[in-house]
Amino acid sequence: EAVRKLDARHRVCLSGTPIENHLGELWSLFDFLMPGFLGARDEFTTQFRQPIEERGDRVRLEALRDRVRPFILRRTKDAVAPEQKVEARDRAVATLRAGGFGARELVVRVNGLDTPWGADDLAALTSVAPAAILVPQVSAAADLQPYSRALETRTGTTLWAMIETARSIFRLDEIAATAMNGRLACFVVGTNDLIKETGFQSGPERLPLLGALGLVVLAARAH
């Protein structure tokens, strides 16, 4: 209600979560941007949310996509073109060196070491020592070893592991155990990647992932 009272000529919404995870969020965004564009909440639920989320109605899904597509700009993981990866890395490093973040904890995600940019990303970040490096696609304890070795001379930088593959769920205990004598400090669960890899049909409650999410918490607490 407070947001709706903002008096502005133009309105833009930035969503940090892919909107297809929860169509109720999509309605809320548009209710702020263009009140009435998607109808009242109950009307939207009846016409779109229930058919799409509960019954997988492709016709309703395409109708909704056609309606909102002109007003949405989506960023994907590949939004940084390959030819711009180096420039993006240089800008990130320059930003870290410039400082001015106060007491905030700075965490930087790198490209995986299996990509053409991963090794240089790691070397560059080692030189500026952020609070943590976010490591993608961690499926086994061994995946963290190269990062730990690179940080041997940097006492303040920890590792955050992205848990976003089916294989990682079965190796959570061995991954978490590296926190005892290594740099691991945090798990970050990539639920969208898990859903994509497994093919689960997941609604806003993400019921198919509850077991996996519980195992993540248990592994973290155990170590």
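Author: This is a predicted model, in which local features need pLDDT of at least 70, side-chain atom pairs count only at pLDDT 80 or more, and totals for chains, interfaces and linings use all residues. Residues are numbered from 1 along each chain as its sequence is written, and side-chain values use heavy atoms, with hydrogens and water left out.

Reader: Which residues of helix H3 are buried?

Author: Helices (H or I, at least four residues) and strands (E, at least two) are DSSP runs, numbered from the N terminus. Buried means under 20% relative accessible area, exposed over 50%, and partly exposed in between, with a 1.4 Å probe and protein chains only. In H3, residues 58-68, the buried residues are Leu 61, Leu 64 and Val 68.

Reader: Why do the buried residues of H3 line one face of the helix?

Author: On the other side of H3, Arg 58 and Val 59 are exposed. The arc is taken from the directions between the helix axis and the C-beta atoms. Seen down the axis of H3, the buried residues line one face because they fall within an arc of 65 degrees.

Reader: Which helices are included in what covers the buried residues of H3?

Author: Contact means heavy atoms within 4.5 Å. The cover of the buried residues of H3 includes helix H1 (23-33) and helix H2 (41-55).

Reader: At what angle do H1 and H2 pack?

Author: Axes are lines fitted to C-alpha atoms, for helices over the stretch in contact, and angles run from 0 to 180 degrees between N-to-C directions. The axes of H1 and H2 are 10 Å apart, and the two helices pack at an angle of about 145 degrees. Among the residues making this contact are Trp 27 of H1 and Phe 44 of H2.

Reader: Which backbone oxygen does the side chain of Thr 157 reach?

Author: Thr 157 lies in the loop between helix H6 (145-150) and strand E3 (158-163). At 1% relative accessibility, Thr 157 counts as buried. A polar contact is a pair of N or O atoms within 3.5 Å; within protein, one must be able to donate a hydrogen and the other to accept it, and residues adjacent in sequence count only if both atoms are side-chain atoms. At 2.7 Å, the side chain of Thr 157 reaches the backbone oxygen of Pro 130.
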